Amino acid sequence: MSDAPDPLEAELASIRPADAAPELKRRVAERLAESPPAQPRRVWPMAVVGGLIAACLAIGVIRWGSGRGVEPAPVVVPPPPQPAPAEVEDAAPMLLAYQRALARSPEELDALLDKEAAGSAEVNPDLVRVGPLTRSDATLHALLGKD
Amino acid sequence: MAGGSDQWTDWLDRHGPALVLLARQWVVGRADAEDVVQEAFVRFWRSRHRAADPAAYLYACVKNCALDWLRGRNRQARRERVAARPEGEPFFDGPAEHGERRAALAAALGALPEAQREVVVMKIWGGLSFPQIAAALRIPPDTAASRYRYALAKMRVQLAEEPIP
């Protein structure tokens with residue numbers, strides 16, 4: 001713009017807008033007197049900082065949780081099988097019975113042992129009896145494909 | 001210097017008349033314009049520390065409050081009531097012998113488009129620089145300067161019949 005003074009600009013600057021009513025200043029003073037001084041300026045930055053801290057914590061927790069998720073699942077070791085209570089109950093009386101029989105007499109112990117041996121010698125029906133080979137060597141070689 | 005005091009009364013004394021004149025672009029009645037300036041000034045003073053340029057921010061507050069006022073309910077009826085007043089409320093003060101010329105200047109100012117008129121008010125009576133006006137109106141400084149030049153050119157045409165001393 002030119003630095004030469006503009007007559008119109010100078011004329012406009014020479015007139016003054018109508019003054020505001022004195023009442024305006026009084027009302028502004030009342031409004032400003034009842035207002036808390038610049039409180040939002042303190043709350044706003046604190047809210048932002050608090051939000052950032054919360055966001056960082058949330059990100060950290062999420063990353064920590066996802067890192068743990070990559071680890072292999074813990075191996076579940078089944079507890080060792082507990083011996084059947086009946087067997088324990090059976091074993092103790094059996095040993096006690098042997099001791100009592102021996103205390104009474106060796107013959108009584110022998111009788112007890114014979115009785116137990118006879119009970120355990122019963123044939124298990126699931127077992128297969130294996131007999132001797134009855135085929136000749138020539139027959140076996142033929143079956144196996146050997147000369 | 002558009003204002004740098006830390007006393008709100010200094011700001012209001014310095015800019016009050018120009019602020020009321022600016023508000024009257026959108027608010028017809030002088031009393032309503034002062035209501036707008038009151039609200040805008042209180043908002044400005046409470047939050048002025050956040051503004052990069054407080055003077056530009058003050059004028060922006062007045063414009064925003066005036067536009068909010070226009071959007072308010074029952075404003076249309078109030079505007080019609082004010083416009084129906086037989087006597088007009090003068091925009092400018094001054095000696096009576098220059099009354100006609102002042103009226104002609106006010107008429108030429110009032111005939112400007114809103115975008116140019118607000119720039120003239122801020123520049124002439126607000127004392128803002130073009131960068132400050134640009135900040136207040138959120139326009140480039142070159143745009144503010146060109147609007148000002150166009151406004152003066154239109155006013156010259158409007159006042160062509162009036163002798164400029």
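Start at B:Tyr59. Beyond its neighbours within four places in sequence, B:Tyr59 is in contact with B:Leu22, B:Met122, B:Gly126, B:Leu128 and B:Ala136. The model is a predicted one.

Now look at one helix pair in chain B. H1(B) and H6(B) pack with their axes 10 Å apart, at an angle of about 170 degrees. Angles over 145 degrees count as roughly antiparallel, so H1(B) is roughly antiparallel to H6(B). On the H1(B) side, the contact is made by B:Pro17, B:Ala18, B:Leu21 and B:Leu22. H6(B) answers with B:Glu118, B:Val121 and B:Trp125. By class, this contact has six nonpolar residues, one charged residue and no polar ones. An α-helix has 3.6 residues a turn, so residues three or four places apart point the same way.

Move on to H7(B). This helix is mostly covered, with six of its eight residues buried. Those six are B:Phe130, B:Gln132, B:Ile133, B:Ala134, B:Ala135 and B:Ala136. They pack against H3, H6 and H8 of chain B. Just after H7(B) comes B:Arg138, which takes a positive phi of about 55 degrees.

B:Ala135 sits in helix H7 of chain B. Why does B:Ala135 count as buried? It has 21 C-beta neighbours inside 10 Å, and the cut-off for a buried residue is 20 or more. B:Ala135 and B:Ala55 are 80 residues apart in sequence, yet their C-alpha atoms are 9.7 Å apart in space. Leaving out residues up to four places away in sequence, B:Ala135 touches B:Asp53 and B:Ala56.

Chain A gives another picture. Its secondary structure comes to six helices and one strand. Along the sequence, the pattern is α-β-α-α-α-α-α. Of the 147 residues of chain A, 3% count as buried.

How do the two chains meet? In the interface, 30 residues of chain B are in contact with 24 residues of chain A. On the chain B side, helix H1 (8-23), helix H2 (30-47), strand S1 (92-93), helix H5 (99-110), helix H6 (114-125) and helix H8 (141-158) each supply at least two residues. H1(B) gives the most to this side, with eight residues. The chain B side divides into 20 nonpolar, five polar and five charged residues.

The strands also link the chains. Strand S1 (residues 16-17) of chain A is joined to S1(B) by two bridges, and the two strands run antiparallel. Within this pairing, A:Arg16 stands opposite B:Asp93.

Terms used
Residues numbered from 1 in each chain as written. Chains lettered and ligands numbered in written order. Predicted model: local features only at pLDDT ≥ 70, side-chain atom pairs only at ≥ 80, totals over all residues. Contact = placed C-beta atoms within 7 Å. Helix = DSSP H or I, 4+ residues; strand = E, 2+ residues; numbered from the N terminus. Nonpolar A, V, L, I, M, F, W, Y, C, P; charged D, E, K, R; others polar. Pairing = 2+ DSSP bridges. Axes fitted to C-alpha atoms, helices over the stretch in contact; angles between N-to-C directions. Parallel < 35°, antiparallel > 145°, perpendicular 65-115°, else oblique. Buried ≥ 20, exposed ≤ 12 C-beta atoms within 10 Å, placed from the backbone.
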